[in-house]
Each structure stands twice: as structure tokens, then as C-alpha cells.
Amino acid sequence: MTKLEKFQERFAEVYPSFRAEAKDDCVVLSGVADNYEDLVKAGQMAAKTKWFYGVINDIKLKGYEPTPIKAPSFSDKALEGIHVDVLVIGGGITGCAILRELSKYQLSSLLVDKEEDVAMAASSRNDGCVHVGMDLHKGSLKLKYLVRSRKFYKQMCKDLDVPYRQDGQSIGFTNGWLKLLVRPALKIKALINHVPGGVKVLNRRHFQTIEPNIADDVAFGVFLPGGACTSPYELTIALGESAVHNGAKISLRTIVESMKVENHRVFSVQTNRGIIYPKVVVNAAGAYSDVIAEMMNDRFFTIHPRKGTDSIIDKAALPTLSRTSTTVYPKLGQLKKTHSKGGAVMPTSDLNALVGPDALETPDREDYTTDKARVDAMFDKQIHAMKNLSERDIITYFSGIRAATYEEDFVVQKGKWTTNVIHAAGIQSPGVTAAPAIGIDVAKWASEMLNAKTKEKWDPIRKGIVKTRLLSNEERDALIKKNPAYGHIVCRCEEISEGEIIDAIHSTIPPTTIDGIKRRVRAGMGRCQGGFCQPAVLSIMAKEEKIDPLSIGKKGEGKLFFRRTKEGK
Amino acid sequence: MFVYDVIVIGGGPAGLAAASSASRCGASTLLLEREGALGGILKQCIHDGFGLTRYQEKLAGPEYANKEIEKLNETTAEVSLLTFVTKIVKLQPGFKVTVVNPKGVSTYTTKKLILATGCRERTAKQVSIHGTNPGGVMTAGQAQYYINILGLMPIKECVILGSGDIGLIMARRITLEGGHVEGVYEAKSTPSGLARNIAQCLTDFSIPLHLSETVTKVYGIDRLEAVEISKVDDKMNPIPGTEKIVKCDSLILSVGLIPENELAKSIGVPLHPVTKGPIVNQELMSKISGVYTCGNAMHVNDLADYVSESGEIAGVAAASTDEIAGVSKAVTWDKNLAYVVPQLVDFAKNTKDVIFYFRVRDVYQNKILKVYLGDDVILKKPFMTLRPPEMERVVLSLPNEGEIKFVLEDIAK
């Protein structure tokens with residue numbers, strides 16, 4: 001009996017209604033599942049063998065009509081017939097990091113994304129954690145790219161003028177006796193995983209100097225000084241802008257519809273804006289990366305979307321909460337093996353507190369809905385870490401989708417069957433941390449495929465939009481004297497000036513929606529959630545872009561207004 | 001030496017009255033306003049009903065604001081528009097106020113500070129609305145700004161959640177503007193707005209008011225497509241199985257106002273947990289000496305007239321050079337009352353004709369309000385009906401020092 005036959009036998013015992021068949025060295029699962037849990041578990045069972053090259057889970061869910069992909073409603077010929085060296089599909093942090101690295105080579109690169117902006121999926125629906133990799137498996141691509149990225153992350157954020165705060169990460173333990181076990185185990189793990197900053201095991205008194213508001217029953221704590229955070233959307237935008245500054249191109253509202261694959265090569269890519277002829281295609285399509293791989297005739301993995309919800313807490317409450325990304329290790333007996341660290345209470349790079357994320361398997365790749373019960377559950381859990389945590393301080397919440405594979409690792413490699421493709425797929429946590437190093441490898445492979453040399457001149461520096469609220473009075477005064485628009489505060493909650501909004505409107509990847517402005521300068525991210533500033537932002541957009549306010553929307557293709565009001569007489 | 005005797009922060013009705021009365025009392029006064037024009041939210045309130053008490057006439061919001069601005073213009077008070085306060089530092093005595101405006105960054109010192117910073121609207125996320133996160137979900141004040149100031153119509157078919165006054169006013173405004181209001185939904189079992197607004201804005205326009213029902217979910221990706229509405233139990237928890245879907249492109253929220261006291265908090269002004277405004281004495285001075293408050297920053301009012309009244313009290317008091325602070329006695333109230341403002345009385349100050357504002361916790365019929373000063377009942381006032389949305393006002397003279405207590409009793413007793 002072969003290994004495969006043995007697996008098939010075991011699989012048939014557990015899931016008699018599903019089939020498992022080999023395709024090359026991958027496994028293809030098929031059948032119809034009565035519930036989504038079985039569908040996911042079947043995939044996980046196949047991945048557990050570890051010797052399949054990949055799990056292709058084609059099991060259908062009974063009665064489930066897949067939600068159609070959210071696509072631009074229009075088509076044009078803007079890209080018709082163009083030839084590029086490298087086409088990157090997906091404008092998340094991974095795609096943008098790849099594009100920036102590609103811009104170092106003598107190549108023509110184009111990134112396409114179906115949304116109206118970059119960072120529209122997991123890269124904005126994200127806590128911005130820059131992880132230390134304590135919990136990752138040795139030998140995983142997650143750990144490999146995390147360790148590489150951490151070596152230059154801080155400098156990169158500086159070059160790109162985006163926030164980077166290294167506040168650390170903390171884990172509280174309620175069982176005091178665990179300390180004897182935890183200390184040596186974590187010290188070794190930190191060495192093996194090259195954890196930046198190492199690990200400290202602290203008694204309650206010392207732990208309280210780091211986390212003064214930690215719950216009363218925490219006996220001791222683990223502190224990881226290397227834990228950091230960034231603004232994931234600001235960083236993604238900055239990576240994209242830096243790439244464009246260095247000659248790369250980005251086409252938004254551009255969805256890949258199909259590909260022509262001939263002789264194990266992608267020949268052309270059909271989009272809603274015309275057919276593109278690329279020499280190399282990079283798959284950085286996040287939750288849709290297996291769909292893109294399928295179009296490439298190169299699918300050996302499956303994304304099972306995993307939703308996470310984060311809540312954002314009013315800045316005013318942060319001093320009563322955590323100073324580092326903090327969670328409490330569950331009491332023994334409550335321990336359940338999950339694929340998520342189970343969330344935390346953490347300061348964001350803009351000094352709100354963030355609570356989350358949780359983890360929920362969902363069949364819908366773009367299910368960004370939130371649910372009160374899940375927010376409640378997250379707070380019930382994290383109150384065991386931060387005693388002052390209160391849902392009353394919530395100013396907003398949102399969900400994101402992790403692009404998880406059944407192997408629970410990144411897929412960063414050249415095509416298996418198709419020779420001119422590269423996958424940077426299945427990127428989930430710690431994707432924000434790992435993406436920059438992934439970009440380096442992917443760009444290197446693409447340049448090798450195309451025999452491209454590096455450019456003689458490449459500018460690592462990207463200047464962000466000035467944050468007038470962070471300037472000294474003297475600097476701010478000087479800036480306002482040069483341009484009075486920096487002295488007109490439009491967003492009262494976040495102290496954002498008209499000048500900053502104008503800068504955002506004219507930035508390298510110009511935002512086209514109110515939310516696009518928000519992601520760039522934070523207008524509308526405060527406690528009033530845009531109630532006061534949205535009309536002002538709208539008016540500034542209309543004036544600066546010389547467009548009709550009726551054409552402006554909050555997000556996507558939705559418009560804010562239907563018509564002008566009746567005219568008075 | 002101070003640059004000003006009084007700096008007033010906020011140029012709405014409270015700040016306008018505070019600045020003009022402080023200036024009339026001889027204080028050198030500066031009024032700071034972050035917008036480009038004075039008047040605050042009154043600018044967008046084009047409906048009438050303002051000024052009935054203060055001017056004995058029915059005025060629209062901008063008309064009322066103009067009267068207040070004219071009064072201010074008669075004084076020597078200075079006004080700085082488009083000016084945003086970034087920092088207040090307490091000095092001993094006085095304050096240093098740092099501001100940003102299109103001219104640059106400036107700092108001023110002042111003897112007294114009046115915080116007339118108004119209030120903000122509670123948002124969809126603050127009342128736990130879940131589902132998708134589409135465009136088309138907006139507060140009533142935001143819809144009002146779009147329609148009345150920008151002349152842009154953000155609504156075709158809408159649901160209004162919350163029966164607060166702005167929501168009721170907007171139900172009428174949207175209807176007059178050619179939009180359709182499917183209904184006003186209120187999670188509480190009684191309306192949150194004034195009875196006159198229910199009659200004039202809903203009944204007169206045949207807009208249904210659904211009590212004990214709330215929006216539990218929203219649908220739509222880029223723009224709102226529908227809302228789910230559920231009945232709620234007496235604890236305002238949704239009752240499973242009562243859900244209905246209402247198609248609409250807009251959800252207008254009128255679910256409460258929160259006094260805006262971030263600046264107050266930054267200098268350690270203690271706030272009251274119910275009013276969410278500073279705890280004040282009869283001169284509307286907070287527990288931080290020299291810091292006064294008025295209007296909606298102090299407690300959410302339902303009439304602009306009383307906002308102006310409180311501004312005047314704060315302005316006059318702040319302009320007085322009398323620095324003696326006596327022993328303040330706390331005002332207490334029984335469980336039928338939600339709050340009383342002022343919460344303190346300083347018996348070293350004037351105790352003649354002290355204005356108290358209060359709200360009740362529930363709807364009551366045939367009650368009598370008794371105010372005790374020590375063991376003496378100094379006021380007995382009967383009320384046919386008392387409702388939480390309607391702020392009440394009584395004027396009391398306190399001839400001697402003593403504990404002040406507000407008690408609501410059945411009239412039969």
C-alpha cells in the first residue's frame with residue numbers, strides 16, 4: 001500500500017462522502033460538504049500529512065452560492081495591448097513591496113488591483129503588528145521572511161516616512177508555577193527563532209512596570225522588547241509610492257478576468273481595461289491568490305478565508321490600557337490549538353488602542369461584516385489582560401480576511417508547472433512584517449528570469465505627508481507662514497489640516513474617495529468618525545480636483561449624493 | 001500680566017453669549033472659533049423655533065445666531081476665526097492657550113477660561129451597529145450640513161434611527177426636500193425628542209414612529225442597500241425572530257449627543273458621569289479655579305435659548321475679579337432625577353436667583369418637585385408631566401447655607 005493509498009483510506013474513514021485524489025504530487029479533495037467546518041477540516045487533515053506538495057480543496061459547500069468577486073462595474077481599453085516585463089497582481093502590502101523591489105531593476109513593472117486604492121483588503125484591515133516570530137515554526141517561510149524583514153524594517157519605515165513604534169509585546173500568565181517551565185522554553189525558542197530583542201520573563205512587580213494596568217490575577221509576564229507596530233495601510237501606500245517614484249506603474253480598478261496560458265507560460269492577461277502581455281506574472285492576490293494561480297494553470301494550494309475583527313478604542317482611553325501589545329495566556333484547560341495568537345490589546349502606531357483580532361473560518365473571501373457577538377466575545381476575553389477595558393470606549397470596528405492556506409504557511413516560490421509566474425500567496429499573519437523580505441526574493445527571481453540588471457540609480461526615500469500635529473510650535477508656525485492651509489484644522493478629532501488633505505489629494509497614488517483621504521491623513525479616523533470633517537474633506541476634494549461633488553463617494557463606486565437640493569426662489 | 005482677562009473657546013450660542021457678557025462686564029475678552037464663521041451648529045439649523053424664550057419670537061437658527069453675533073459686535077471682544085486650540089497649560093494663576101490658525105501658531109495667556117465647546121453626535125459604531133460598513137450611514141447633523149449648507153442631497157429613501165430632536169427635524173427636512181423617510185425607529189419605549197417636534201416633524205408629515213425597535217444590522221458594500229430592524233425588550237436587547245428588512249439607501253442616526261470636553265479633560269477638569277460635562281457651581285465654574293463652562297459642553301440642552309443663558313452666567317462670572325472661593329456644598333437629587341446642574345453651590349458667592357437645570361430619568365405624571373435647603377422646603381413646584389427629553393429649569397434663592405436636595409414626589413402626598 002502506498003503512502004497515498006494509506007491516506008486515502010484514512011480520509012475515507014473520516015469523510016466517507018469526500019474523495020481525495022492525487023494530481024502530480026498534490027492532493028485534490030472533492031465532494032459536497034454539509035457544513036463548512038467539515039470542508040475546512042478535510043483540507044487540514046490532508047495538509048497534516050506534510051508530504052503532499054499542496055492541498056487543492058475543491059469540496060463544495062451544500063447550498064452555498066459563492067458571493068461573486070467584487071469587481072469594477074466598467075471596462076475600457078486603457079491597458080489594451082501593452083507589454084510589460086513584470087505584471088504584479090494585487091496591491092496589498094505584498095504586491096507593493098514586490099513592486100518597490102522590482103523598481104530597483106531595469107524592468108518595466110505594472111501592478112494591477114481591482115479596488116480603487118492600494119491596501120484595500122488585509123493590508124488596511126489589519127492591526128499593524130510587526131511581529132517577533134516567537135510562535136512560528138522553524139523552517140517555515142513565515143519565520144524565514146520575518147527574520148529577514150526585521151533586520152531592515154525600522155530603517156525601511158524611516159526611508160518611507162511611515163510610523164514605526166517598538167513598544168514591545170507582553171504575555172501575562174495567571175499560573176505562577178508555569179514560570180519555571182516558561183523561562184527556559186522561551187529562552188531557547190527565542191534563540192532558535194532569532195527573536196529580535198530576545199525575551200524577558202518578569203515577576204508581577206517588574207511586569208507591572210511595563211504593563212501597569214495588567215489584570216490583577218496575572219502572576220508573571222513574558223516581555224518581548226522587539227515587538228513593534230506600523231501603520232499597515234500607510235506602509236503599503238508608501239511602498240507603492242516609492243515604486244512609482246522609481247518608475248513602476250500602478251493601475252487601479254483593474255481586475256484580472258482570465259489568462260491565456262500556452263506551453264507552460266502565461267501569454268496574456270485579460271483585464272477589464274484590456275489585454276496585457278507580460279513576460280513574468282507575480283501572484284500577490286491575497287485571498288484570491290488561489291483563483292489567480294488557477295488562471296495561471298499553476299494551482300497547488302487553496303485559500304480558506306479566515307476572518308478577524310478588530311475594534312479601535314478612543315485615544316483618550318489608551319493610558320488606562322496597554323503600553324505594549326498585550327494578551328494573557330489562557331488558563332490551562334482553556335488552551336485550544338488555533339492558528340491565530342488569539343488577539344491582544346495593543347497601542348496602534350497612531351496611539352489608539354486596538355483590541356483583536358479573533359479568527360473565524362468563512363467561505364466568503366470578501367466577508368468584511370462585523371458581528372456584535374464576536375466583538376463582545378473579544379472584549380470578554382481581553383478583559384483578562386487589561387482590567388480597564390470597556391466596550392464603551394470603542395470608536396470603530398472592522399473585519400479583515402486572512403489568506404490562509406491549509407499548510408498554514410506562505411507560498412513564496414516560482415511556478416510549479418507554469419514557468420513565467422511567481423507566487424507570493426497565502427500571505428497572512430505575520431504578512432505585514434514579512435512582506436518586505438518577500439519582495440526582495442520575488443524581484444530577484446523575476447530579474448533572473450528576465451536577465452535584468454539593477455538600475456544604477458534608485459531612490460529609497462519617499463517623503464510622506466507632513467503631520468502638522470507632531471511638529472514643534474516653531475516648525476508648525478514656519479510651515480503655516482509658507483502655506484496657511486496647514487493652519488486650518490479640518491479634522492478636529494485627529495487635528496488634521498486642510499494642507500495635509502490637499503497634499504493627500506495630489507499624492508503619488510491619488511485617492512479617489514473620502515476613505516482614501518482618511519487612510520492617508522487620518523481625517524475621519526477619530527472619535528466623531530468623520531461626522532464633522534467629511535463635508536469639509538468633500539469640499540476640498542471637489543475644489544482641488546475641480547470635480548462635481550456629486551461624483552465623490554465614501555468608498556468603492558458608491559456616491560455620497562443623489563442630486564442637488566431644490567433651488568430656492 | 002495676562003494678555004486677556006477671559007478667553008472663550010467655541011463660537012456657538014454658548015460662546016457668543018459668554019464672550020459678549022464677559023466683555024460687557026469690562027473683561028478684555030478673546031473668542032476662539034475653529035470654523036470660518038461664528039454661530040456653531042445654528043448655522044445649519046434653518047428650521048424655526050429658536051428664540052421663543054430669549055427674544056419672544058420664532059427665529060430660524062441663523063437668525064438667532066445673527067442676533068447673538070450682533071450683540072457680540074457691539075462689545076470690544078476680539079474674535080479669532082479658523083482658530084484651533086492645540087494646548088492649554090494651567091499657570092499659577094491663569095492659563096496659557098496655544099492655538100493654530102492660518103496665520104501661524106500663537107500662544108495667549110488669560111486669567112479665566114470659558115469652555116463653550118459644544119457637543120458631538122454619537123456615531124453608528126458607538127451604538128453598536130454591525131453588518132457591512134457602507135456609505136450612506138450618517139448622523140443627522142451631517143445630513144443636515146450636506147442638505148442645508150452644501151445644498152447636496154445624500155438621501156433618496158432613508159430610515160432614521162433614534163428620535164432625538166435633530167433626527168425629527170431632519171425627518172421633516174428630508175421629506176420637504178423630496179426624499180422619503182420610511183420611518184423613525186427608537187429603541188426606547190418613549191420618544192427622545194421634544195413633543196412639539198414629534199407633532200410638527202413626524203405627525204404632520206405622516207412619518208411613522210416605531211418605539212422599542214432598533215436597527216440591528218446594515219447591508220450593502222459601497223452604499224447602504226437595506227437595514228435589519230428588530231423589536232427590543234424592556235432592557236433594549238433585540239428580540240430574536242422579530243427581524244424585518246427595510247430597503248433604504250441611507251441610515252440617519254439621531255442617537256444622542258456627547259458634550260465635547262477633550263480640552264477640559266486635558267487640564268484635569270472633573271466631569272460628571274451623567275451630564276458628561278464639567279461639575280460646576282452656580283457661576284458655572286468647574287472644580288478647576290478659573291475654568292468655566294456653559295451650553296452643551298456643560299450638559300446637553302434642548303433649547304438654544306438656555307444655552308445662551310448659561311453662556312451669560314459664565315461670562316459674567318468669569319469677568320468678575322472676585323477670586324474668593326468659599327466652601328461649596330454639593331447639590332443632591334433623588335433617583336427620579338437624572339441630574340441637576342449646577343451640582344455645587346458656593347455660598348461665598350451670590351446665592352440669589354440661582355438657575356438650576358434638571359432632567360428626569362423617566363416619564364412621570366402628576367409630580368411635585370420639592371427642593372430642600374437643609375430641612376426647609378424652599379420650592380414646591382407641581383408638574384403635570386415630566387419627560388427625560390425635556391429639560392426643566394427652576395430659579396431659587398438660597399438665603400442661608402445648607403444642603404440642597406431635589407426630590408420628586410407624587411402630587412397626592
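**A loop position in chain B, and its context**

Modeller: Lys276(B) sits in the loop that runs from helix H6 (262-266) to strand E19 (291-293) of chain B. Helices (H or I, at least four residues) and strands (E, at least two) are DSSP runs, numbered from the N terminus. This is a predicted model, in which local features need pLDDT of at least 70 and side-chain atom pairs count only at pLDDT 80 or more, while totals for chains, interfaces and linings use all residues. Residues are numbered from 1 along each chain as its sequence is written, and chains are lettered from A and ligands numbered from 1 in the order in which they are written.

The phi of Lys276(B) is positive, about 65 degrees, although the residue is not a glycine. Most residues other than glycine have a negative phi, and most peptide bonds are trans. Lys276(B) has 18 C-beta neighbours inside 10 Å and therefore counts as partly exposed; the cut-offs are 20 or more other C-beta atoms within 10 Å for buried, 12 or fewer for exposed, and partly exposed in between, with C-beta atoms placed from the backbone.

In chain A, Asn451(A) has a positive phi near 50 degrees and is likewise not a glycine. Asn451(A) lies in the loop between H10 and helix H11 (473-482) of chain A. With 7 C-beta neighbours inside 10 Å, Asn451(A) is exposed.

Peptide bonds are the next point. In chain B, Val341(B) is joined to Pro342(B) by a cis peptide bond with omega near 0 degrees, and Pro342(B) is in the loop between strand E21 (337-341) and strand E22 (344-346). In chain A, the bond between Ser429(A) and Pro430(A) is cis, with omega about 5 degrees. Pro430(A) belongs to the loop between strand E25 (421-425) and helix H10 (431-449) of chain A.

Back in chain B, an open sheet of four strands runs in the order E8-E14-E15-E16, with mixed pairing. Strand E8 (130-131) and strand E16 (244-247) of chain B are at the edges with a single partner strand each, so one side of each has no neighbour in the sheet. Two strands pair if DSSP finds at least two bridges between them. Strand E14 (residues 213-219) and strand E15 (residues 226-231) of chain B pair in the antiparallel sense over six bridges. Within this chain, Tyr219(B) stands opposite Ala226(B) in E15(B).
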